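Dear colleague,

I am passing on the structure we spoke about, together with some notes on its helix packing and its aromatic residues. Please have it open beside this message as you read.

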Amino acid sequence: MPLHPVISESLKAAEGSLPVESFPVGRVRQMIRSTYDTGLPKIELASVENTSFAGPSCDIPCRIYTPHGAGPHPITMFFHGSGFCVLDLDSHDDICRWLCNGSESVVVSVDYRLAPENPFPAGNHDCTAAVLWFASRAHRYNADPSRIAVSGDSAGGCMAALTALQLRDEGGPALAGQLLFYPVTDHYSSQWRSYDEFGEGYGLSASLMTWFWNNFIGTGGQAAVELASPLRAQTLFGMPPALIQVAEYDVLRDEGEIYAEKLSAAGVEASVTRCEGLNHGFLRWIGILPEVTQRMDDACRWLHRTLRPNSTWPPPMSSNTNRPGF
């Protein structure tokens, strides 16, 4: 399917600009953050609370989204995309509101430490610590620690998968699912075919992905590359069920699909959807492009079924959620 015309026009508008990675990291953060400002009205939830917890070496901010309805609610730990280097709680606020509302789960968005100031494994340690912290306090938020999923987009998808691996290896808590949107699952050195096909002109370039990885790994060398790449895990046996959405026009497409295949080969229930006509970062078009809203609908349906197997979907909506897909 051709690239969506609205996305194509957006990419054409940026033609001729200097590569993002040619700017200092602070400027890169500003540039990418601006692409997530949609101006759409916010979905109203029962509550949205900013807080923080004591992470491995500093306080880690997080935002807790609670759905309408009686609890205790299941939990979705969400790790925002960032290329390991950029974005924050605010950039992914709309996405988390949609997930919370559509899945009827408490969504905990974690503002883990970013590279290059904090290279691997700092951010990963923050994400794992966040799951342990919230699980131990879930009752305070009318949440059920026996029903936890991890989710994330792009580098946040990598953080979600790495967190699932660490929790599996260190004894829990057990996770009910992993919902990954166009995730990073392997180092760029593997050079999957999609890096050649979509390395330029589709938003996330091969060179920008290389810049992200190099900042993330820092001086960690090959040992860090192996540990930071979920696809290179010795085994994926015992990982939670997964839904993985990849974008058709994305350098990360192939590694996301291979990750799903490797999960299945390890006996894990895993499905992957190639989202035709879309590119990396398509969730920023949620509520604007019906095709993207439908993908979020699909994700919410899967997450709801995974965390609330005896409930029906879609859930009752609050008064201002009559947006596309709902």
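How many aromatic pairs does a search of the whole structure find? The search finds 12 of them, and please keep in mind throughout that this is a predicted model. A pair of aromatic rings is described by the distance of the centres and the angle of the planes, and I give both values for two of the pairs below.

In the pair formed by F198 and Y202, the ring centres lie 5.4 Å apart and the planes stand at 90°, which is over the 60 degrees needed, so this pair is edge-to-face. F198 is buried, since its relative accessible area is 8%, whereas Y202, with a relative accessibility of 23%, counts as partly exposed.

The rings of W213 and F216 have their centres 5.8 Å apart, and because their planes meet at 55° the pair is classed as tilted. Both residues belong to helix α7 (residues 206-217), where they are 3 residues apart, about one turn of the helix, and both W213 and F216 are buried. Elsewhere, one aromatic cluster is formed by F53, W133, F134 and Y141.

I now turn to the helices. Two packed helices are described by the angle between their axes and the distance between the axes.

Helix α3 (residues 93-103) and helix α10 (residues 290-307) have axes that come within 8 Å and cross at roughly 50°, which means that α3 is oblique to α10. The crossing of these two helices, α3 and α10, is right-handed. On the α3 side the contact is made by I95, W98, L99, G102 and S103, and on the α10 side by T293, M296, C300, L303 and H304. Sorted by class, the contact of α3 with α10 comprises 6 nonpolar and 4 polar residues, with no charged residues.

The crossing of α4 and α5 is right-handed. From α4, the residues G123, N124, H125, C127, T128, V131 and L132 meet M159, L162, T163, Q166 and L167 of α5. The residues of this contact between α4 and α5 divide into 6 nonpolar and 6 polar, and no charged residue is among them.

Conventions: Residues are numbered from 1 along each chain as its sequence is written. This is a predicted model: local features need pLDDT of at least 70, side-chain atom pairs count only at pLDDT 80 or more; totals for chains, interfaces and linings use all residues. Side-chain values use heavy atoms; hydrogens and water are left out. Axes are lines fitted to C-alpha atoms, for helices over the stretch in contact, and angles run from 0 to 180 degrees between N-to-C directions. Helices (H or I, at least four residues) and strands (E, at least two) are DSSP runs, numbered from the N terminus. Angles under 35 degrees count as roughly parallel, over 145 as roughly antiparallel, 65 to 115 as roughly perpendicular and the rest as oblique. A crossing is left-handed if the near helix is turned anticlockwise from the far one by less than a right angle, and right-handed if clockwise. Contact means heavy atoms within 4.5 Å. Ala, Val, Leu, Ile, Met, Phe, Trp, Tyr, Cys and Pro count as nonpolar, Asp, Glu, Lys and Arg as charged, and the others, Gly among them, as polar. Rings of Phe, Tyr and Trp (its six-membered ring) pair if their centres lie within 6.5 Å; planes under 30 degrees apart count as stacked, over 60 as edge-to-face and the rest as tilted. Buried means under 20% relative accessible area, exposed over 50%, partly exposed in between (1.4 Å probe, protein chains only).
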